[in-house]
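Please look at the sequence and the model below before reading on.

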Amino acid sequence: MPDSLKVGSTVEVCVPLAPLRVAASDRAEMSTQALAGERCIVQQIGTGDWIEVELVTDGYKGWTDAKQWALTGFPFREALPPASSCEQLVA
């Protein structure tokens, strides 16, 4: 786990699917999955490679393996252009 990873860091899924579990264990029930490119905010740093995250899009929380995520390098609010810019890209 990178030393720069801390509570409040923004991370992005770097694998096709990253399971989010109810506890920090591969044996724990999977509560949801995050898709490639989804962003989360780190809520807790667990033991080993486990981190608890909250999905930015829908607020779901769960424990996941940090090896499946990449630091974005900036807070989420700075990650996306303003809504008006997004509309221009789509139009």
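The sections below take up the model, its fold, its salt bridges and its confidence in turn.

## About the model

This is a predicted model, in which local features need pLDDT of at least 70 and side-chain atom pairs count only at pLDDT 80 or more, while totals for chains, interfaces and linings use all residues. Residues are numbered from 1 along each chain as its sequence is written, and side-chain values use heavy atoms, with hydrogens and water left out.

## The chain as a whole

The chain has two helices and seven strands, where helices (H or I, at least four residues) and strands (E, at least two) are DSSP runs numbered from the N terminus. Read from the N terminus, the order of these elements is β-β-β-β-β-β-β-α-α. Strand β1 pairs with β4 in the antiparallel sense over three bridges, and three bridges also join β1 to β7, again running antiparallel; two strands count as paired if DSSP finds at least two bridges between them.

Of the 91 residues in the chain, 32% are buried, a word that means under 20% relative accessible area, whereas exposed means over 50% and partly exposed lies in between (1.4 Å probe, protein chains only). Contacts, meaning heavy atoms within 4.5 Å, can also be sorted by distance along the sequence: among those between residues at least 6 apart, 54% join residues at least 24 apart.

Side chains of opposite charge can pair when their charged atoms come close. A salt bridge is defined here as a side-chain nitrogen of Lys or Arg within 4 Å of a carboxyl oxygen of Asp or Glu, and by this rule the count comes to three.

Which residue meets E12 in a salt bridge? The partner is R39, with 2.9 Å from N to O, and this pair links distant parts of the chain, since R39 lies in strand β4 (residues 39-45) and E12 in strand β1 (residues 10-13), 27 residues apart. R39 is buried, at a relative accessible area of 17%, whereas E12 counts as partly exposed at 24%.

The strand pairing involves these residues too, as R39 is the bridge partner of E12 in β4, while in β7 the bridge partner of E12 is A70.

The side chains of D49 and K67 form a salt bridge, at 2.9 Å from N to O. This pair also links distant parts of the chain, with D49 in the loop between β4 and β5 (50-55) and K67 in the loop between β6 (61-65) and β7 (69-71), 18 residues apart. D49 counts as partly exposed at 23% relative accessibility, while K67 counts as exposed at 57%.

K67 also forms a salt bridge with D65, the closest N and O atoms being 3.1 Å apart, and D65 is buried, with a relative accessible area of 18%.

The predictor's confidence in each residue is given as pLDDT, from 0 to 100; the chain averages 81, and 76% of the residues score at least 70. Over residues 75-91, however, pLDDT stays under 50, and the model has nine contacts beyond four places in sequence for them. Where pLDDT is low, the predicted coordinates should not be read in detail.
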